Amino acid sequence: MQGEKVQFSSPELKSNWTTKSNSKMTMNLRSSNKILAQAAIILFFFWVVALILLTRPLLNSPQSEVSSDVLQRLSKAVSELESLKVRNQELQWILTNFSHEAQSGKIKEGVVERLRSTLEDKIRTPINFDGLEKKSSGPSKEYEVRRRAIYRGIQEIWYFVQQELVKLKTKGHDQSAPEIANLIQEIMNSGKEHEIILLNDLQELSNMEGHDAWRSTESHALSDLVQRRLHFLQNPVDCSKARKLICNLNKSCGYGCQIHHAAYCFITAYATKRTLILNSKKWRYHRGGWEKVFLPLSDTCTDPSGLDRSNWPGTNETQVIELPIVDMLSPRPPFLPLAIPRDLSERMIRLHGDPQVWWIGQFMKYLLRYQPETQKMLDQAKEKMKFESPVVGVHVRRTDKVGTEAAFHSIDEYMLYVADFFDKLEMREKVKVRRVYLASDDPSVLPEAKKKYPEYEFLGDVSIAKGAAVATRYTDSSLRGILVDIHMLAHSDHLVCTFSSQVCRLAYEIMQTLHPDASSKFKSLDDIYYYGGQGPHQQVAMYSHKAHRSGEISIEVGDVLGIAGNHWDGYSKGTNERTKQSGLYPSFKAVDKYNIIDFPLYSEVAVAA
């Protein structure tokens, strides 16, 4: 209602409401611009028709008649043109005032009808503006899915060609034929340039489509809906009667692992429609608990008590259920990652290239709301190091991971993809500084990178790497360091890392909350994305393939494939669930099969129009 003051339960909701209002104003302005353009076209059309009607008799009359009649008709034509000129000036005045009203944000409902009425009165001709008030529906889901598939397809074909050329180049060296190796290297350089240009052209084409505004608006709207649902869940009217889920933040693992444990608890709370109570007393990373670093998960309900209590799974009537770590969860429910909710799935798949990660990112967005002191610390760190775009975030995980969960990767491997990002960017704009934020748990990596690549500007802090060592991991300084690293990595324009690292995956998840679709803003040197304790990750074959190399498997259209990983050489490894064969298959011939599950609908939270 006009004049009524809107109340917000959190600054974030206020920000989302403001963003949505600005988006609506932008759409109204664009609609008004279309109206202006159509009105101008209508005016021009009437002018041309009048001119034709006035001059046609002159062109069709015999020469003898023209000589006696021409002055009279020309005089009449001039008179009509003068009249049209006056009407044109009146129309311009109307359109100018309407434009000013639109730009000032004073557009009201029914303004299109008012404009139509005014124009009809001035030019005395019916005008049809049907359809102009309709909001842009954006691209179809099929179009968005296919557009992203083409982008990935270009990447995959280059992965394949590049690896095959590397094999040939190696054979050339073995046969003491350096000229062959040099020729292959030239082909690789040229092929890489082709890939960069193709991907750049595809990106430019996407920008020219005019759908970026829809993607931004839809991203904000969908995220806002999920955040309001989470706020509703976490703030029951009566905490004493609310059904609760207890999550103990005591998992014996690193920071990224513990945050993923909390997010798994939150997803379970959402799926069971229970308020999450996070027990973080004596948290290993901060003895003061979660609320010393992040905002509380609830404003109204933090009491873990209830009439009855049970370990997982309990019953629907049990008021308080305590959740174990995901490794000990039994029975395992269907809603664990990488599941997505059915009621939002169509919108998610249309909007995002990896809706499974987008969904997890929304829980991270609510969980990781910083306390003012934490935000101030991060802002100061960002300002001190002069962190600004364009920048590539690089995370080099060493120490306890290497040799157990991950292979060793040299800094040179990471920098290949950093250079690749900047080469692509320079196809579109001038890059003054090739800036890299380098995070690692190995203090020797940053000095090595600065020495090897003086043409790059490296941001980072060796002291953070020292604090990330196993011996000093659970100190206050270590916590500040990991917070800074993840924040900067997530806010980078591109991420180069290893998805075997929880820190890398966490930064990637947070990155999804900062862009409409950041699913392609990464390069992992090892694993594909996964979530610890996740359900099966499956793909479905879109094209058939007959095995013709050692290690390959055959697939038919529609086969379900349990994917184990992408080798980034044109092939993925997995198991054909129809034939039970395990092996390699061309990555481009299969796409993700989404695990779409019935979650609660949260009808109490209205969907924005």
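## Trp359 and the main core

Leaving aside residues up to four places away in sequence, Trp359 touches Val226, Tyr270, Ala339, Ile340, Pro341, Leu344, Met348 and Phe599. Trp359 is also among the residues with the most contacts inside the largest nonpolar core, together with Tyr255, Trp290 and Tyr437. That core has 86 residues. Helix α7, which covers residues 255-272, gives the most to this core, with eleven residues.

A second core is separate and has 22 residues. Phe422, Leu425, Val436 and Ala449 are included in this second core.

## The model as a whole

The structure is a predicted model. The protein has 609 residues, of which 46% are buried. Its secondary structure consists of 15 helices and 16 strands.

Among contacts in the protein with a separation of 6 or more, 69% join residues 24 or more positions apart. The protein exposes about 31,700 Å², and carbon and sulfur atoms supply 55% of that area.

## Confidence

The average pLDDT of the protein is 84, and 74% of the residues score at least 70. In residues 1-21, pLDDT stays under 50. The model has 15 contacts beyond four places in sequence for residues 1-21. Residues 23-29 also have a pLDDT below 50, and this stretch has six contacts in the model beyond near neighbours in sequence. Where pLDDT is low, the predicted coordinates should not be read in detail.

## Helix α15

Is helix α15 largely enclosed or exposed? Ten of the ten residues in this helix, which spans residues 502-511, are buried, so α15 is largely enclosed by the rest of the structure. The buried residues of α15 are Gln502, Val503, Cys504, Arg505, Leu506, Ala507, Tyr508, Glu509, Ile510 and Met511.

Which elements cover the buried residues of α15? The cover includes the helices α7, α9 (355-367) and α14 (476-490). It also includes the strands β6 (391-396), β9 (494-497) and β10 (522-524).

## A nonpolar patch on the surface

On the surface, Met542, Tyr543 and Val591 form a nonpolar patch. Together these residues have about 280 Å² of accessible area.

Tyr543 is in the loop between β11 (538-541) and β12 (560-566). Tyr543 counts as partly exposed because its relative accessibility is 48%, and the partly exposed class lies between under 20% for buried and over 50% for exposed.

Conventions: Residues are numbered from 1 along each chain as its sequence is written. This is a predicted model: local features need pLDDT of at least 70, side-chain atom pairs count only at pLDDT 80 or more; totals for chains, interfaces and linings use all residues. Side-chain values use heavy atoms; hydrogens and water are left out. Patches are made of residues with over 30% relative accessible area and no salt bridge: like charges are joined within 9 Å, nonpolar side chains (Val, Leu, Ile, Met, Phe, Trp, Tyr) within 5 Å. Accessible areas come from the Shrake-Rupley method with a 1.4 Å probe; for residues, only the protein chains shown count as cover. A salt bridge is a side-chain nitrogen of Lys or Arg within 4 Å of a carboxyl oxygen of Asp or Glu. Helices (H or I, at least four residues) and strands (E, at least two) are DSSP runs, numbered from the N terminus. Buried means under 20% relative accessible area, exposed over 50%, partly exposed in between (1.4 Å probe, protein chains only). pLDDT is the predictor's confidence in each residue, from 0 to 100. Contact means heavy atoms within 4.5 Å. A nonpolar core is a set of buried Ala, Val, Leu, Ile, Met, Phe, Trp, Tyr and Cys residues joined through side-chain atoms within 4.5 Å.
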